[in-house]
Amino acid sequence: MTVEITPKIQDWLNLSALVLMNNYKKADLNSWYGFDIEDHLQLKNVERIAKLHGIHSGVHLRNSLHRYETGEMASNAFEKLAMELRSETTNTFETKYNALQNPSTKNAYKLVWRYRFSLKNEKLYGYEFAYYIFLMRIGGALGYIKSEEIAMRLEDVNTRLKKTFSSWDEFHRNVCIGNEFMRGAAEPDISKFPGTETLWECYQRLNIHHADSFKEWNI
Amino acid sequence: MSEIFKNTIIPKLETKQLEAPTAKALLQILELQECQNTEVFKDVKNSIDHENNEAVFTEELAQQIFYHPAVYADEKEGVAFVISWLPLLENGFYPDKKSCEKLTQFLYFSLSYLQGEAISEKERTQVFNVLDALVHSESSASFIITSFLIQRVFDIQDYVGTDFIIQNCITHEILNGTYSVQNSEGKFSTYPFKINNDFVQHFFEGDWHQLITAIHKVLPVGRVRLPGAYHVMLPWLSEELATFYNGNIELVYAAHKALSERFIFMEEEGFAFLNLQTVEGIFPLITALGKKEWDAGDVLLFNHRDKNIPQIQIDQCYHRFLDWLKADRGSNSYTEAFQKFGKHILEEESAAVLPVEFIAFWFEKCNHRTGIPDQIELYNGLFSRFLKMNSDGKLPVVRIGNEDVQLTGEYLITEIFQISNNRTKWISDLESSNISDPLNQFLILTFYDARESLPTLFNSENQEVIFAYLEKMAYSAKQATQEIRKDSLPLLVKTLAELFAETNNFTRVNKIWALKNIDNSVLTLCNDYAQLQYVNESRPLFLGLLQSWYNFLSDYYYSLGSESVWVPHMLNTQGRRSAAYLNELDENVTSFVNKALLHLFDFHKKSKQKADSNTLFQSIQTDIENYLEDFLIELMEYNLAKETANNMYIYSKAHFAHRKTLQDAVHKFHDHHKEVEPKSEKAVLIEQLQTSEFDFSAVAFDPKYADAVLHNLENYKTEGACDSKLLEVLDTNISEFKTWLAETSATEAKFIQALYMTLLDKDLAPETPLETYGNLCRSLFVKLAKGSKMASSYEMGLKAMANSGAYPENLTTALLQVVNDLKA
């Protein structure tokens, strides 16, 4: 039996709207899973995403949730580097940066340098919990987690996020920064697979089509 | 009254010289032939009427009665003559040797006449009645006629005549029972129609080979689905024949050939012949199949073996059959012989009669990567029986050598599959199909059976392969039937649980644990395994493990007790143990303990709030309390930071009122910190400063102020006190302050960082209650940063922040002002 989506729950679910949209352009933001699991193709897509995140069962799902919850996915790495960079000067940083070979490490350095002070408290929690919720929806679609449990977890995540951030904008920016930190900057790339878009592009679209859902930061 | 006897024989009788006893015999004969009213009868009767003698049938008289070659000149008369013997034969008057030989000559030449329409069915019957009587008589006629008939039966040149004799011999059961032969003393001995030395002596010149050759020649001959020579021989088959075959393997092979030709040409089995048995119970024709290379005919023969042949005699045959199946890259499985007989051989008996090598063969043929699709289907159908013999997770019983052996997984792995190490590709090959493939079910059963020795059979690298294989099989069970899931999944999980009973790899543990959702049949198994791995007092603890315990508490809580079901067990039993472990650690665990307790209190509080909605929350609450009680009683005081102790103390007062022991434990920590921690110098100073009569303008710079300010800058958010007065002290004494900072660069960096953070704090922006504090921070920041090596990067950073649009207008303006001040 699926729990009914109250406006409150919908507001909580919206914390993963951006990630959901990014993973599936036509996602239904107003449903538990975002995907129509009756639709064979959509279900395949859900299975693909779950596999991509190493989720094969309820145990895998919950272990994944732990990793996002404890900052293991992004925040811990971000904070470690930020701490290091906070005592660098522009010059010493540049020397360090130029010595780096790996483009993705370079990207991470650049990004952390930019946010080393401003995200001292928030870290990348916004990004991590957006994924946390997104994965719950994926897991729910595959029957690994019941909607009651999703609702209970959502409530606690919501409390935490609403305290950490002060607006949808701030939260969404954190999601985008986290995504960039994890995946590297989405440079304009003509070889990009047609139809895909960066999270930033998604963010813009989300605010155009669903502006009403993201006005009130309901604490 | 027989006409021919009356008209032809009687006139020729010479009665004059007959002795009285002989005459008496003649008289009886005439009576039998109903010739009482003839002259001869009267004469003979008169000649002996007054004498009272026993009748004696002499050879001479016999010839008078039976030996009339001239009669045979006309076939019709000849037949009538022979028929006329019947009443005599029935009364013991048998023809002599000479007459018999004449008779056989007549019969031989008249075979076609006898079959023709010229004589009636009745007459034909009567002729054979005569022969029947002769064969079974105790007279010299018996041997002669028997010899004649046997020669005819084995004569394959005149096929039509032979068949005629054969059919009638069978109909009238002529070559059955006994025959007689005269011995050297002139007496008649009777012998049964059984192939033995006497029989061979009598009819085949004592040469067994002659007999066997003759038999082999006639076996494939005859009319389809009609009795033939074989059926005549049936009653003769004997243990002696079997014994003879047993000593002459080459002849057995010839017999095989003859018999299989017989099957092919006549579609007739030679069941009795094939299953000849010696007195010792040996079946020579079947056992010999185990000693030769097979062809299709042998498959056919083996299929028709007696079902009571002791297994030990046919073990070798199964091996030869397997060789045949393997020959020519398995093409024999397409033959008719296999379709009609080979399959049946594999189907009819339980798999227990098959040698273990068939299992290897099965795996070779049905491997989805290397096998041929139609053969895979075929052999899976035949060999799945290896699986179905036991439902209790036991491997089948098969034949190894000449023994019934209960197979073990270890034996299969090392001897049959030979996969113990470095042949694990073989296992990976099987992954291409799923658990519905019987091979995979069998392999799962094999691993299950060998589960205790798997760690010694496979090194860790190969254990990985097994794990990957079994995990893949487990997930493929989602698409399998309920029956397969019920049968194979528990075995699979038990195998993994045994193989990885001692693992330290918790990723692996979780993967095995995760299998619980595939089917209810493994739910408990997986949970038990996870519990044993996560909560095991025989293994050392480590911080990560404690961390995961607390993490799993949240799963247990959110899933309403359906996930991480061992958490209550952990909470109720591991409190003291985890505390004892933390006490023993060399490192400082206060931060870890602080986090852990926050987590536990968090869930305790949530559970308490929801306790009314579900009894589960009530029990989680109690479980957490139990854990805390044990944990805190055991934990040494120094392992808890003062702040933690205080928070706990406050929480305890509100929530643990009903748990006296727990509260006492909490108080222990609270008291400890109250006693040991005297007020720090800093705290004294801050207290001092907060009293209003202190004159700040007169205060000179002192490093202790710097420490206090730094502490305040870093903690004003959480402590809620913004100490502007001290900041002012530094601001006014900036040059001394800077001089001092220059000597302690680490503190300088900390200061600038702390100040930088305050710049971005919206709560300190102009037009807010804390504006004064904020302004002081901005001013101090500019003074410290300006001219330093970091100045330009701060400048750029702040500018970017200010332009990002993330901050309210008043703060943006303030930030830009700081940038300008830095530049100036």
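Against which helices of chain B do the buried residues of α47(B) pack? In this predicted model, they pack against α44 (745-759), α45 (771-785) and α46 (791-804) of chain B. The sections below start with chain B as a whole and then return to α47(B).

Chain B holds 47 helices and four strands. Its radius of gyration is 56 Å. The globule rule gives 28 Å for 824 residues, and 56 Å is well over that, so chain B is more spread out than a compact globule. The C-alpha trace spans about 190 × 60 × 45 Å along its principal axes. Of the 824 residues in chain B, 38% are buried. Among the contacts in chain B with a separation of 6 or more, 70% join residues 24 or more positions apart.

Four domains are assigned in chain B. Domain 1 covers 198-349 and domain 2 covers 350-500. Domain 3 runs over 539-677, and domain 4 over 701-823. The centres of domain 2 and domain 3 of chain B, taken over C-alpha atoms, are separated by 47 Å.

Lys122(B) belongs to helix α9 (residues 121-135) of chain B. Lys122(B) has 9 other C-beta atoms within 10 Å; a residue with 12 or fewer counts as exposed, so Lys122(B) is exposed. From Lys122(B) to Val405(B), the distance is 64 Å, C-alpha to C-alpha. In sequence, the two residues are 283 residues apart.

Helix α47 of chain B comprises 15 residues, 809-823. At 1.5 Å a residue, the helix should span 21 Å. Its end C-alpha atoms are 21 Å apart, which agrees. Buried residues in α47(B) are Leu811(B), Ala814(B), Leu815(B), Val818(B) and Val819(B). These residues cover an arc of only 145 degrees around the axis, so they sit on the same side of α47(B). Exposed residues Glu809(B), Asn820(B) and Lys823(B) are carried on the face turned away from that buried side.

Chain B also touches chain A. The contact takes 22 residues from chain B and 21 residues from chain A. On the chain B side, the elements giving two or more residues are α31 (506-514), α33 (543-558), α44 and α46. The largest share, four residues, comes from α44(B). By class, the chain B side has twelve nonpolar, seven polar and three charged residues.

Methods
Residues numbered from 1 in each chain as written. Chains lettered and ligands numbered in written order. Predicted model: local features only at pLDDT ≥ 70, side-chain atom pairs only at ≥ 80, totals over all residues. Expected span 1.5 Å × (residues − 1). Buried ≥ 20, exposed ≤ 12 C-beta atoms within 10 Å, placed from the backbone. Arc of directions from axis to C-beta. Contact = placed C-beta atoms within 7 Å. Nonpolar A, V, L, I, M, F, W, Y, C, P; charged D, E, K, R; others polar. Domains from an automatic or database assignment. Rg over C-alpha atoms; globule rule 2.2 N^0.38 Å.
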